[in-house]
Amino acid sequence: MYLDTSTDTAILKLDDQTYEQTFGTRMAEKLLGFIHDKLQENGKDFKDITAIEFNQGPGSFTGLRIGATIVNTLIHELDLNQPLVTPNYGKSANITKPVK
(Lines give C-alpha, C1' and ligand atoms only; values in the text may rest on other atoms or scores of the structure.)
Protein backbone atom coordinates (compact mmCIF):
# COMPACT_ATOMS: atom_id res chain seq x y z
CA MET A 1 0.00 0.00 0.00
CA TYR A 2 1.15 3.54 -0.80
CA LEU A 3 -0.38 6.64 0.76
CA ASP A 4 0.19 10.33 0.00
CA THR A 5 -1.64 12.90 2.16
CA SER A 6 0.64 15.86 1.49
CA THR A 7 -2.27 17.82 -0.04
CA ASP A 8 -6.03 17.84 0.55
CA THR A 9 -6.29 15.16 -2.16
CA ALA A 10 -5.14 11.79 -0.84
CA ILE A 11 -3.51 9.33 -3.22
CA LEU A 12 -3.83 5.65 -2.37
CA LYS A 13 -2.18 2.87 -4.34
CA LEU A 14 -3.15 -0.76 -3.85
CA ASP A 15 -1.29 -3.21 -6.08
CA ASP A 16 -1.73 -1.75 -9.60
CA GLN A 17 -4.71 0.48 -8.75
CA THR A 18 -4.44 4.19 -7.94
CA TYR A 19 -7.22 6.08 -6.19
CA GLU A 20 -7.52 9.80 -5.48
CA GLN A 21 -9.99 11.47 -3.16
CA THR A 22 -10.20 15.14 -2.22
CA PHE A 23 -11.12 15.51 1.44
CA GLY A 24 -10.49 19.18 2.13
CA THR A 25 -10.93 19.71 5.87
CA ARG A 26 -12.56 16.29 6.43
CA MET A 27 -9.49 14.09 5.91
CA ALA A 28 -9.20 13.13 9.58
CA GLU A 29 -12.71 11.72 9.70
CA LYS A 30 -12.86 10.19 6.19
CA LEU A 31 -9.40 8.82 5.27
CA LEU A 32 -9.47 5.52 7.16
CA GLY A 33 -12.92 4.68 5.76
CA PHE A 34 -11.69 5.54 2.26
CA ILE A 35 -8.76 3.13 2.64
CA HIS A 36 -11.07 0.41 3.99
CA ASP A 37 -13.56 0.88 1.14
CA LYS A 38 -10.85 0.63 -1.52
CA LEU A 39 -9.38 -2.47 0.12
CA GLN A 40 -12.82 -4.09 0.07
CA GLU A 41 -13.32 -3.13 -3.59
CA ASN A 42 -10.18 -5.18 -4.26
CA GLY A 43 -11.39 -8.13 -2.19
CA LYS A 44 -8.99 -7.35 0.64
CA ASP A 45 -8.99 -6.13 4.22
CA PHE A 46 -6.46 -4.37 6.44
CA LYS A 47 -4.93 -7.72 7.45
CA ASP A 48 -3.88 -8.22 3.80
CA ILE A 49 -1.50 -5.24 3.91
CA THR A 50 2.09 -6.50 4.01
CA ALA A 51 3.99 -3.21 3.61
CA ILE A 52 3.20 0.50 3.54
CA GLU A 53 4.96 3.32 1.72
CA PHE A 54 4.15 6.87 2.77
CA ASN A 55 5.00 10.19 1.13
CA GLN A 56 6.57 11.88 4.14
CA GLY A 57 6.47 15.32 2.56
CA PRO A 58 7.04 18.14 2.33
CA GLY A 59 3.45 19.22 2.21
CA SER A 60 0.43 20.13 4.26
CA PHE A 61 1.14 20.02 7.98
CA THR A 62 -2.30 18.68 8.85
CA GLY A 63 -2.48 16.24 5.94
CA LEU A 64 0.93 14.78 6.73
CA ARG A 65 0.07 14.44 10.44
CA ILE A 66 -3.18 12.63 9.64
CA GLY A 67 -1.54 10.32 7.10
CA ALA A 68 1.43 9.55 9.34
CA THR A 69 -0.88 8.77 12.26
CA ILE A 70 -2.92 6.31 10.19
CA VAL A 71 0.17 4.71 8.63
CA ASN A 72 1.92 4.34 12.00
CA THR A 73 -1.22 2.87 13.55
CA LEU A 74 -1.49 0.31 10.75
CA ILE A 75 2.23 -0.53 10.98
CA HIS A 76 1.82 -1.13 14.70
CA GLU A 77 -1.51 -2.96 14.67
CA LEU A 78 -0.67 -5.16 11.68
CA ASP A 79 2.73 -5.93 13.23
CA LEU A 80 4.51 -4.98 10.01
CA ASN A 81 8.25 -5.32 10.13
CA GLN A 82 9.05 -1.75 9.11
CA PRO A 83 9.93 1.50 10.87
CA LEU A 84 7.34 4.07 11.83
CA VAL A 85 7.15 7.14 9.59
CA THR A 86 7.93 10.74 10.47
CA PRO A 87 6.45 13.61 8.45
CA ASN A 88 8.77 16.08 6.73
CA TYR A 89 7.01 19.44 6.69
CA GLY A 90 9.68 21.15 4.59
CA LYS A 91 10.33 23.90 7.13
CA SER A 92 10.37 24.59 10.85
CA ALA A 93 7.09 24.99 12.68
CA ASN A 94 5.69 28.52 12.83
CA ILE A 95 4.57 28.76 16.44
CA THR A 96 2.70 31.92 17.26
CA LYS A 97 2.04 33.54 20.62
CA PRO A 98 -1.22 32.43 22.26
CA VAL A 99 -4.15 34.82 22.05
CA LYS A 100 -5.30 36.01 25.47
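Strand β1 (residues 2-4) and strand β2 (residues 9-14) run antiparallel and are joined by 3 bridges. Strands here are DSSP runs of type E with at least two residues, helices are runs of type H or I with at least four, and both are numbered from the N terminus. Two strands count as paired if DSSP finds at least two bridges between them. The model is predicted, so local features need pLDDT of at least 70 and side-chain atom pairs count only at pLDDT 80 or more, while totals for chains, interfaces and linings use all residues. Residues are numbered from 1 along each chain as its sequence is written, and side-chain values use heavy atoms, with hydrogens and water left out.

**Overall layout**

- The protein chain has 2 helices and 4 strands, and from the N terminus on its elements run β-β-β-α-β-α.
- The C-alpha trace of the protein chain spans about 50 × 30 × 25 Å along its principal axes.

**The sheet**

- The 4 strands form an open sheet in the order β3-β2-β1-β4, with mixed pairing.
- β3 (17-22) and β4 (53-54) stand at the edges with a single partner strand each, so one side of each has no neighbour in the sheet.
- Helix α1 (residues 27-41) packs on the sheet and touches β1, β2 and β3 (contact means heavy atoms within 4.5 Å).
- The direction of helix α1 makes about 25° with that of β2; axes are lines fitted to C-alpha atoms, for helices over the stretch in contact, and angles run from 0 to 180 degrees between N-to-C directions.

**Hairpins and bridge partners**

- β1 and β2 form a hairpin with 4 residues between them.
- Within this pairing, Y2 stands opposite K13 in β2, and L3 has L12 in β2 as its bridge partner.
- β2 and β3 also run antiparallel, joined by 6 bridges.
- K13 has T18 in β3 as its bridge partner, and A10 has Q21 in β3.
- The hairpin of β2 and β3 has 2 residues between the strands, and D15 there takes a positive phi near 55°, in a residue other than glycine.

**Aromatic pairs**

- The count comes to 2 aromatic pairs, where rings of Phe, Tyr and Trp (its six-membered ring) pair if their centres lie within 6.5 Å, and planes under 30 degrees apart count as stacked, over 60 as edge-to-face and the rest as tilted.
- One of the pairs, F23 with F34, is edge-to-face, at 5.6 Å centre to centre and with 80° between the planes.
- F23 lies in the loop between β3 and α1 and F34 in helix α1, so this pair ties together parts that are 11 residues apart in sequence.

**A cis peptide bond**

- The peptide bond from G57 to P58 is cis, with omega near 10°.
- P58 lies in the loop between β4 and α2 (61-77).

**The largest pocket**

- The largest pocket holds about 190 Å³ of space; a volume is the space filled by probe spheres set on grid points, which are joined across faces, edges and corners.
- A pocket is an open set of points on a 1 Å grid over the protein atoms alone, where a 1.4 Å probe fits and protein lies on both sides within 12 Å along at least five of seven lines; lining residues have an atom within 4 Å of a point.
- The lining residues include M1, L14, D15, L39 and K44.
- By class, the lining has 6 nonpolar, 1 polar and 4 charged residues; Ala, Val, Leu, Ile, Met, Phe, Trp, Tyr, Cys and Pro count as nonpolar, Asp, Glu, Lys and Arg as charged, and the others, Gly among them, as polar.
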